[in-house]
Amino acid sequence: MFLHLGQLTVVRTDTVLGIFDLDNTTVSRHTRDYLAAATKAGRVVNVSMELPKSFVVCLDKEGEQTVYISQLAASTLMRRLVVD
């Protein structure tokens, strides 16, 4: 299955490690440090043309993490992720 993150970006659901709300998680220093390190390493992909609301962490076959910044709410992405 696939998860549409917005702006023509789709990821495989089996690569998704987590979906996080930006407003709630960036309160923590650890999350801010993680996002800063991912940005510095060039592993952040901004798929948001508007105000970002969530980020999705994915793991590829080589074990590398990619962080996708999305304009969609974490709850919306979670609903899309759950298969009936």
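Because the model is predicted, local features need pLDDT of at least 70 and side-chain atom pairs count only at pLDDT 80 or more, while totals for chains, interfaces and linings use all residues. Residues are numbered from 1 along each chain as its sequence is written, and side-chain values use heavy atoms, with hydrogens and water left out.

Helices (H or I, at least four residues) and strands (E, at least two) are DSSP runs, numbered from the N terminus. H2 takes in residues 29–40, twelve residues, and from first C-alpha to last it reaches 16 Å, close to the 16 Å expected at 1.5 Å a residue; the expected span is 1.5 Å times one less than the number of residues. Buried along H2 are Thr 31, Leu 35 and Ala 38, where buried means under 20% relative accessible area, exposed over 50% and partly exposed in between (1.4 Å probe, protein chains only). These three cover an arc of only 65 degrees around the axis, so they sit on the same side of H2; the arc is that of the directions from the helix axis to the C-beta atoms. An α-helix has 3.6 residues a turn, so residues three or four places apart point the same way.

The cover over the buried residues of H2 includes helix H1 (22–25) and strands S4 (44–46), S5 (54–59) and S6 (65–70). On the face turned away from that buried side are the exposed residues Arg 29, His 30 and Lys 40. Just after H2 comes Gly 42, with a positive phi of about 75 degrees.

As for the inside of the model, the largest nonpolar core has twelve residues, among them Leu 3, Val 16, Val 56, Tyr 68 and Leu 77. A nonpolar core is a set of buried Ala, Val, Leu, Ile, Met, Phe, Trp, Tyr and Cys residues joined through side-chain atoms within 4.5 Å. Strand S1 (2–6), strand S3 (16–21), S5 and helix H3 (74–81) each give two or more residues to this core. Apart from it lies another core, of seven residues, including Leu 22, Leu 35, Phe 55 and Ile 69. Leaving aside neighbours within four places in sequence, Leu 77 is in contact (heavy atoms within 4.5 Å) with Leu 3, His 4, Leu 5, Ile 19, Ser 54, Val 56, Ser 70 and Leu 72.

A search of the whole structure turns up one aromatic pair. Phe 20 and Phe 55 are stacked, 5.0 Å centre to centre with 25 degrees between the planes. Rings of Phe, Tyr and Trp (its six-membered ring) pair if their centres lie within 6.5 Å, and planes under 30 degrees apart count as stacked, over 60 as edge-to-face and the rest as tilted. Phe 20 lies in S3 and Phe 55 in S5, so the pair ties together parts 35 residues apart in sequence. Phe 20 is partly exposed at 32% relative accessible area, whereas Phe 55 is buried at 3%. Thr 25, in helix H1, is in contact with Phe 20, Thr 31 and Phe 55, leaving aside neighbours within four places in sequence. At 18% relative accessibility, Thr 25 counts as buried.
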